[in-house]
Amino acid sequence: VKGREERRDVVVLGAGAAGLFCAAACGRRGRSVLVLDHAREAAAKVRVSGGGRCNFTNLAAGPEHYLSRNPQFCRSALARFTPAAMLALAAHHGVRAEEREPGRFFCAGSAREIVALLERECREAGAAVALGTRVEEVRRDAGFVVVTSAGRVRCSSLVVATGGLSYPALGASGLGYEIARQFGLGVVETRPALVPFVFPEPQRAFFRDLAGVSLEAEVSCGGRRWRGKVLFTHRGLSGPAVLQASLLWRPRDAVVVDLLPGDDVLPALLARRRSRALVGTVLAERLPRRFALAWCGPAAARPLGSVPERELRELAARLHAWEVRPGGTEGYRTAEATAGGVDTDALSSRTMEAREAPGLYFAGEVVDVTGEVGGYNLQWAWASGRAAGEHA
Ligand SMILES: Cc1cc2nc3c(=O)[nH]c(=O)nc-3n(C[C@H](O)[C@H](O)[C@H](O)COP(=O)(O)OP(=O)(O)OC[C@H]3O[C@@H](n4cnc5c(N)ncnc54)[C@H](O)[C@@H]3O)c2cc1C
């Protein structure tokens, strides 16, 4: 009802992973809590995460798997709410976990079970959630006043857990950054992360012809390398190893792909020079045929024996270090995360409270802490949400 005013100890903006986790922790401390979200359903990203199976944690969660201007900032919260604690909480709620890669846990059933866990945690802690509510203004007034489409709420603590800009279709907005700036906090420039690369014409024709091909490769960018599937799309490159590389990629950076990691192809090429084997045929023994033929171009039909050794050496070198320069990324529309965000210099790593704005907290993806693919982003949402929820 417009014009109505309520009082709460804590208002949390954003009913996503971090906001709901934070609200439950506040509620358990006896604080009266209201979570506000403009979306019609809570935790929409969690629902679709991990392809509907939600990769909700990773035992390796530690600073080396996160990007931030202050790489150590995430350490404190991650150490106090650990992946093991999240697994125990999931088990407590009857969520069966499946370890798909060492340390990387998904729901054996559905991501909806994690959403149900969050909603139950809030219910049991007495934290109220108001969905379909627009936030129109936030003001300082002793504590804070939050003006919404349903009335005003006064609170002594305000937690901003509105996430990043990725996947606008699921409710993402820049509100959290606006509030940070309003209260004088810095915001590290944001950009889409964990996102496929796109290539401009004329290179795009090459990718279009290979759309759907997937192969195991090692992708290097920004001084790091990741091994995993690389997928050719109509516009460029995707797949887990590519998404990881996009976290460190900056415009105009080169990305180097080893198409045959751990398999030195040169001896195999040289050994077959006396046979009548064609270049394309030999490569198709190790790579998807469609890719091998397109990669070699007209050279695919040449007998190995007719290709000078120097050319074979060059071919092998290029297969192990294919250098590409993406024109850009698919952008926030399909990015799984937003790099950058509220500057960690402005926050306490123990409580997530703004140093210069007592009572104002930030948690989750809105903060300049971005994880690799692998359950790291949700573990950060849980840990930072819990850290804020123990103090707000
Ligand atoms: C397709 C996809 C798959 C993913 N899979 C995984 C995975 O398997 N494992 C993993 O660790 N991470 C995954 N992620 C990343 C992960 O989902 C996010 O990092 C995580 O949800 C961030 O939590 P958060 O609470 O900070 O933000 P969010 O979960 O995005 O929640 C923010 C909430 O704030 C609300 N909000 C935003 N603006 C406003 C506003 N102006 N007014 C009111 N409310 C607002 C939104 O509606 C939303 O409910 C995936 C992301 C995507 C897009």
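Two residues are in contact when heavy atoms of each lie within 4.5 Å. On that basis, serine 348 is in contact with Phe73, Glu353 and Arg355, its neighbours within four places in sequence being left aside. The model is a predicted one. The protein has 392 residues, of which 54% count as buried, and it contains 13 helices and 21 strands.

**Overall architecture**

- The C-alpha trace of the protein spans about 85 × 40 × 35 Å along its principal axes.
- Among contacts in the protein with a separation of 6 or more, 72% are between residues 24 or more positions apart.
- The accessible surface of the protein amounts to about 16700 Å², and carbon and sulfur atoms hold 50% of that surface.

- At least two lining residues come from each of strand S4 (66–67), strand S11 (187–193) and strand S19 (337–342).
- Strand S11 provides the largest share of the lining of this pocket, with 5 residues.

**Serine 348**

- Serine 348 is located in the loop between S19 and strand S20 (360–362).
- The relative accessibility of serine 348 is 16%, so this residue counts as buried, the cut-off being under 20%.
- The contacts of serine 348 include Glu353 and Arg355, and Phe73 is also in contact with this residue.

**Alanine 381**

- Helix H13 (residues 376–389) contains alanine 381.
- Alanine 381 counts as buried because its relative accessibility is 7%.
- Apart from residues up to four places away in sequence, alanine 381 touches Ala17, Ala18 and Gly364.
- Although alanine 381 and cysteine 22 are 359 residues apart along the chain, their C-alpha atoms are separated by 9.1 Å.

**Valine 213**

- Valine 213 occupies the loop between helix H7 (204–210) and strand S13 (214–221).
- With a relative accessible area of 6%, valine 213 is buried.
- When neighbours within four places in sequence are left aside, valine 213 is in contact with Val230, Leu231, Phe232, Pro288, Arg290 and Phe291.
- One of these partners is Pro288; the C-alpha atoms of valine 213 and proline 288 are 7.3 Å apart in space, while the two residues are 75 residues apart in sequence.

**Glutamine 244**

- Glutamine 244 belongs to helix H8 (residues 240–248).
- Glutamine 244 has a relative accessibility of 10% and therefore counts as buried.
- Not counting residues up to four places away in sequence, glutamine 244 touches Leu194, Trp226, Glu372 and Val373.

How values were computed:
Residues are numbered from 1 along each chain as its sequence is written. This is a predicted model: local features need pLDDT of at least 70, side-chain atom pairs count only at pLDDT 80 or more; totals for chains, interfaces and linings use all residues. Side-chain values use heavy atoms; hydrogens and water are left out. Helices (H or I, at least four residues) and strands (E, at least two) are DSSP runs, numbered from the N terminus. Buried means under 20% relative accessible area, exposed over 50%, partly exposed in between (1.4 Å probe, protein chains only). Accessible areas come from the Shrake-Rupley method with a 1.4 Å probe; for residues, only the protein chains shown count as cover.
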